Amino acid sequence: MKGITRRFFGKIMAGSAAAAASGLSLPAFAKSQASGSAPNPTRLQYPEGFLWGCATASYQIEGGAKDGGRGPSLWDVFSHTPGKTHEGDTGDVADDSYHLYKEDVRLLKNLGVQTYRMSMSWSRIFPEGKGKVNQTGVDYYSNVVDELLKNNITPYITLFHWDTPAALAGGWQNRDTSKAFADYAAFITKKLGDRVKHWMTTNEFVCFTDLGYKIGQFAPGLKLPDAQVNQVRHHGILAHGLAVQAIRANTPSGTQVGLAENATVYVPIIETKEHVEAAQKATRLGNAPFLTALMEGKYMNLYLEREGANAPKVEEGDFKAISSPLDFVGINVYTPFFVRADDSKQGYAEIPYPTSQPKMASPWILLAPECLYWAVRNVVDLWKIPALYITENGTSSDDVINSAGRIDDIDRIMYLRNHLSHLHRAVSEGYPVKGYFLWSLLDNFEWADGYSKRFGIHYVDFKTQKRTPKLSAEWYKNTIAQNAVL
Ligand code: PNW
């Protein structure tokens, strides 16, 4: 994966040649270009055709929880249970994007993004998870898609971003939920497949399995024993696999199918052979129940040995579905672990973070932007992935509106700029990164953190629903326009 694309390489060479022809040293040339029109050879230019986008999720932005015949999801139940979310916040109204989607498409248009990653609420389409269709819900998504296409924005749709229909008995503990998911996928991709060409099955296995059924921090808030958690995880990846098959069977050829997975990222402490190999080993084992299983078509022996009697029960044919070939893999990247090589059986050790490691406003987001490079490199090198997207990257910030009416979120810009610099390294080494989706277009319902954590590049006043671009929106707009890290 080391080959630089011809077109991209040509561009870099053209820049250096221009500097040479100008008779200026490279730094002086760069300076002279800041105000001029010729390309600056020193800046981090992305290749032509690289796709920029923003990401959101249905329960986090839509609101309209009871509108248009939508059925409740596990997140409606959870957020309405006292003590589960910050100050009892719910997604009942959120950004009211159910009603304001045209305004949100205008925000996207103004940014100049080529793509938008959104998700669909399963229980808006099947209020009971299966069976009777809610046509109003189908029409809603059809309208959103049309509005995007009218504005030349390509929709990338996630079928499931955690809002499991509450009517499905047992949720992800029940294997039937995986089948119901595939039926929902078949139905809606058939309906919209004439216009939507990019589908993602699930978002972040670990968040709706472990956080929901092991830690209890997310819906449905359970703390199950290991064997049951492993079964929930298995049902999650099975749902993905069955949905891939269902989408393929119901959409025209050329439809691209993938998923959005927050692969756990491991950064080698020093970029030497032994530590780089350790980071790869960590990536395989650290993602064993999820991405590794999808990519390798089985559970790793080391994982099965470790789980022993708690290992998931696998039925015949499961892995055929689970390992269905994908057109692309999406990875959501926020924060990494650092590893070093050692003599243990697993071949690596995680390095605890020093307490002084800088953090962003959400304490789980450590500032370590090299994770975006290593996320791509580890995943692509391990599994020879043909096309990859960064389906989420971003941060919360303690945003405030200043006396001039602006939100100067320079910490978010710092975070994004540094991540994009490291992503640029991956792209320029020839890794097949096709696009980048910034999380998020808008401040929204940040799950258990409710409205206390703002991830948007547009500020939302949740009382009035007024959207105000933050400084980061202006920065992103310029970044997109120049296709370079600014
Ligand atoms: C992702 N963690 O979630 C989700 O896909 C988004 O819906 C979410 O808003 C975004 O990241 C920001 O949080 C995560 O605690 C939530 O490690 C929590 C964690 C990771 C990802």
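The talk below takes the terms in turn, starting with the ligand.

Mentor: Keep in mind that this is a predicted model. Now ask.

Trainee: Which residues come nearest to the ligand?

Mentor: There are 14 residues around the ligand, and Gln60, His161, Glu392, Glu446 and Trp447 come nearest.

Trainee: How far from a ligand oxygen atom are the polar side-chain atoms of Glu392 and Glu446?

Mentor: For Glu392 the distance is 2.8 Å. For Glu446 it is 2.5 Å.

Trainee: How much of the ligand does the protein cover?

Mentor: The ligand has 450 Å² of accessible area on its own, and the protein covers 87% of that.

Trainee: Where does the ligand sit?

Mentor: In the largest pocket.

Trainee: What kinds of residue form the shell around the ligand?

Mentor: The shell has 7 nonpolar, 4 polar and 3 charged residues.

Trainee: Where does UniProt place the feature "binding site"?

Mentor: The unreviewed UniProt entry gives Gln60, His161, Asn203, Tyr334, Trp439, Glu446 and Trp447. The lining of the largest pocket includes Gln60, His161, Asn203, Tyr334, Trp439, Glu446 and Trp447. One of them, His161, is in the loop between strand S3 (154–160) and helix H8 (176–192).

Trainee: And where is the feature "active site" placed?

Mentor: The unreviewed UniProt entry places that feature at Glu204 and Glu392. They are spread over 189 residues of sequence, yet they cluster in space, with a largest C-alpha distance of 10.5 Å. The lining of the largest pocket includes Glu204 and Glu392.

Trainee: What makes the backbone at Glu204 worth a remark?

Mentor: Most residues other than glycine have a negative phi. Glu204 is not a glycine, but its phi is positive, about 50°. Glu204 is in the loop between strand S4 (198–203) and helix H9 (205–208).

Trainee: Which peptide bonds are cis?

Mentor: Most peptide bonds are trans. The bond from Ala219 to Pro220 is cis, with omega near 5°. The bond from Trp439 to Ser440 is also cis, with omega near 15°.

Key:
Residues numbered from 1 in each chain as written. Predicted model: local features only at pLDDT ≥ 70, side-chain atom pairs only at ≥ 80, totals over all residues. Heavy atoms only, no water. Near = heavy atom within 4 Å. Polar contact = N/O pair within 3.5 Å; in protein donor to acceptor, adjacent residues only side chain to side chain. Areas by Shrake-Rupley, 256 points an atom, 1.4 Å probe, with all protein chains shown as cover. 1 Å grid on protein atoms, 1.4 Å probe; cavity = no way out; pocket = protein on both sides within 12 Å on 5 of 7 lines; lining within 4 Å. Sits in = over half its atoms within 2 Å of the grid points. Nonpolar A, V, L, I, M, F, W, Y, C, P; charged D, E, K, R; others polar. UniProt positions renumbered as here; feature names shortened; annotations may be inferred. Helix = DSSP H or I, 4+ residues; strand = E, 2+ residues; numbered from the N terminus.
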